[in-house]
Amino acid sequence: MNDLTPIKTTIKDWETDQEVRWCPGCGDYAILKAVQRTLPDLGADPANTVFVSGIGCSSRFPYYVESYGFHTIHGRAPAFATGIKLANPDLDVWLVTGDGDGMSIGGNHTMHVIRRNVNLQILLFNNEIYGLTKGQYSPTSRLGTNSPTSPLGSVDRPASPCAFALGAGGRFIARAYDVSKELPNVLKAAHAHQGAAFVEIFQNCIVYNKDVFADFTEKANANTGQLWLQNGAPMLFNKGTQGIALDVAALNLKVVDVVDGDWQAAGVIVHDVTNRAVAHMLVEMPFGPFPMALGVIYDDPRPTYESAVLDQDAKARAGRSNDLAGLLAKGQTWTVTA
Amino acid sequence: MATALVDGPDALTGGKDSPTPEAVVVRFAGDSGDGMQLTGGQFTLSTALAGNDLSTFPDFPAEIRAPQGTLFGVSAFQINFGSTEIETAGDQPDVLVAMNPAALKTNVTALKTGGLIIADTGEFNKRNLEKAKYEVNPLEDGSLEKWQLLAFDISALTLEAVKPFGLGNKEALRCKNMWTLGLALWMFDRDRQPLIDWLNGKFKKAPLLAEANIAALNAGHAYGETAELSGPLKQYHIAPVESAPGLYRTVTGAESISYGLVAGAQLASLPMFFGGYPITPASSILHNLAKLKEFGVTTFQAEDEIAAIASAIGASYAGHLGVTSSSGPGIALKGEAMGLAVMTELPLVIVNSQRGGPSTGLPTKTEQSDLYQAVYGRNGDAPIPVIAARSPSDAFDCAIEACRIAVQYMTPVILLTDGYIANAAEPWKVPDPASYTPFPVTFLEERNGPNGELLPFARDEKGARPWIKPGTPGLMHRIGGIEKNPGTGNIDYSPASHQSMTDARKAKVDGIARSIPAQEVTLGENTGKLALVGWGSTFGPIHQAVRRARKNGLDVSHIHIRHIWPLPENLGDLLRGYDKIIVPEMNTGQLKTVLRDQYLVDAKPLNKTSGQPFTIAEIEAAIEAALA
């Protein structure tokens, strides 16, 4: 994220003395560990790192990372983070949010921080439920979700965070899940991306929405349920026996069988992280008929917002004085003599 | 001395022997497409250059281009100027320039009896009369008898004047406002040259338009000279006001607040971050600051009001002076974030350019009805200091004061101004920034605890916590909106902790009273029969009304409060020295409530919520009634 010299730290250096207060068994623990394990690998400096969050279970995250942390208000973390980055672009900012915080009350700010391309990492913990307020359905809950506010099942259609982020102009879109071994690699890719890097992390709320992602996260379902994308590699899953190909007639993706490893013959697409059209299809790919697309779905950087602001400010300031007295006396003035 | 000019009804419009007036009120009114604000603005400038004191009141519709000729599409600009101190835009105009029937209808009742109407007969056609809901032409039916009427075809005269330039009819008629301005400049014996220079600059890329406008201006001026020979039109010379020596310019509140914020940031030795979202009448502050990047200003047009304040708080957290600005509806949206700034004790300046409310209310009209919102309008016990500007020039000092309190006390500060102050112009003795005492900020660089630990919520003698920038080695810590432990700032919901922190936040803001000047009596005695207590832009009419009443021998004083919260320490004792207290406000009695609550005094309200400022006469009448 910045050009500062890498700092040597260990996982211990990123742990605070605060008692972690998530429910025992919560997926957030695994995400916290993954982040704390990744930060030393990035050479990150705790003094230069800021975790910013909104409100919700996920937003307690900053209290547990030994860096600078700002636990703000519901849904608005992207706006706070934007102010922080404009004031000091050298800070390495991680934004932690959830499906309620980032997609519901803060959907507007999520859109704009991505659209502007502020240089930071957005970790959206998606558990498809409101946890901290005790189990109401969220904007990512599936149709028919039973909850205290939808006792007959929810009837509003869920939003797809990655599709939303890409639609907002996102230049880095990735997906992982809480206990995945690949999560640190996804975090590293997000960190390496210059600009707003959006990572959706499926998180298991064991109290209010237990195992809602088990269809692809459970070991038994991993082969058929997970498509791990790698730039330059064919989109294969189920131990290489199936792949994703382009259905040219329907202008969409399709699952194809791969015989004897000959994925070319099956028409399997090679993942190109800069292909925006395919990225749109991957984030919209319905789970069930298709596996869940995981890993780095899209990564094609553009100049960051703060660099554009800074360039413009520098140009506006070049060769101009900051003499306030001169400014005040500008324009049509007159002098009264004694 | 807004209306000191006329002792009889015909001082201005009477015969050649009428006295030289001390002050004159002129109102330009026309369709919102007629360029009345521009005409008024340029007339203001020429007035200032002539050395008169002045005060203006632009009054325009919320619609950008209201349908032509309609009553609600009328845009007006009033200016009060004179050879004596001017503090209001004037109660009643002496001269009304009405560019169409709608402008006449909506403005003529305000005109002083015997005042002069200048009307463009070219626009008093059947269609426009119908739009203004006139059944017969008021210029012809004798209904304007109590005023002096000067009606002639300004449209035709303008077309004639600009004929040589071959403009289209529509473009040619656009020069009408310059023709009218030329006449006005003649009436008050003003130099045309600055205006000609301005036109040449404005139409640099279209010299033909510059020439046409100048021709119209000259034609209007020449018309005055010729018409003086007969009829009600005559020329007046308003002597320059006696002012303290120095360099002067005109300034609007939006300008002076912008400059004051820049000055405040400089005095604090900080770069400024301004997060804003467009809203009337606050947007002009964002416009102004966006042009001042060389002063270390970063402006950010956020996606909404909440993001505007949130980004400013984020910037303050990162070590800039965060500023946000809005009007009532936007301030309402910012409420939760203000609470976070209170809770995390970060400096922030919030400017509220008040307008008529509630809800969308009257976007372009003035009111001072957000005092409750500023003082009380947040969840929880969330004290925020509040300062109110009284005039465009005063707003400069108020903005500096808001910055000082914010950084010295690590607190959000609300600066109240209003639509009137934001848009009104007045002469301003250009201040010397070097004459202000700097208040440079020092950030915490090392652990501050007695045992080498970090205490982000340890307090100094003012009750303020240290400001710690992320990026500082060894000072990593977490802050947020959850109640925290005094000292460490770690999450702590314990009863003792919440009690202690609530007390500390209140004590800190209360303690600001010790850093502000004692309340002075603005005009009059320290005790007496009656005190008029005001705040914000009602300063002018209250001051003038009290001055006049005192001239008439009445025992009345004026107390103007700048620091609304906390109030000056001596204010309670001061108020108790008067038999009666009246609080004139452009709301239903908000400061009145605060004064009653704080001091148990019998403060009586005097309220106006018409979207228009108080007139001096209205306040004078209240004084007389109270002392009768």
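**Notebook: strands, helices and the A–B contact**

I began with chain A, where strand β3 (residues 92-98) runs parallel to β4(A) and is joined to it by five bridges. The model is a predicted one: local features need pLDDT of at least 70, side-chain atom pairs count only at pLDDT 80 or more, and totals for chains, interfaces and linings use all residues. Residues are numbered from 1 along each chain as its sequence is written, while chains are lettered from A and ligands numbered from 1 in the order in which they are written.

For terms, I took helices (H or I, at least four residues) and strands (E, at least two) as DSSP runs numbered from the N terminus. I counted two strands as paired if DSSP finds at least two bridges between them.

**Entry 1: strand β4 of chain A**

I then checked burial (buried means 20 or more other C-beta atoms within 10 Å of the residue's own, exposed 12 or fewer, partly exposed in between, with C-beta atoms placed from the backbone). Six of the six residues of β4(A), residues 121-126, are buried, so the strand is largely enclosed by the rest of the structure. Gln121(A), Leu123(A) and Phe125(A) are buried on one side, and Ile122(A), Leu124(A) and Asn126(A) on the other.

**Entry 2: a sheet across the two chains**

I traced an open sheet of three strands in the order β12(A)-β7(B)-β14(B), with antiparallel pairing. β12 (333-336) of chain A and β14 (425-429) of chain B are at the edges with a single partner strand each, so one side of each has no neighbour in the sheet. From one strand to the next the twist averages 35°.

Four bridges link β12(A) and strand β7 (residues 246-252) of chain B in the antiparallel sense. I noted Val336(A) opposite Gly246(B), and Leu247(B) as the bridge partner of Thr335(A).

Helix α9 (residues 253-267) of chain B lies across β7 and β14 of chain B and runs at about 115° to β7(B). For angles, axes are lines fitted to C-alpha atoms, for helices over the stretch in contact, and values run from 0 to 180 degrees between N-to-C directions.

**Entry 3: contact between chains**

I next looked up the contact between chains (two residues are in contact if their C-beta atoms, placed from the backbone, lie within 7 Å). It involves 60 residues of chain B and 50 residues of chain A. On the side of chain B that touches chain A, α11(B) gives the most, with nine residues. By class that side has 34 nonpolar, 18 polar and eight charged residues. Here Ala, Val, Leu, Ile, Met, Phe, Trp, Tyr, Cys and Pro count as nonpolar, Asp, Glu, Lys and Arg as charged, and the others, Gly among them, as polar.

I found that the axes of α17 (residues 539-551) and α20 (residues 616-627) of chain B come within 8 Å and cross at roughly 50°. α17(B) meets α20(B) through residues including Pro541(B) and Ile542(B), with Ile616(B) and Ile619(B) among those in α20(B). The contact has seven nonpolar, one polar and two charged residues.
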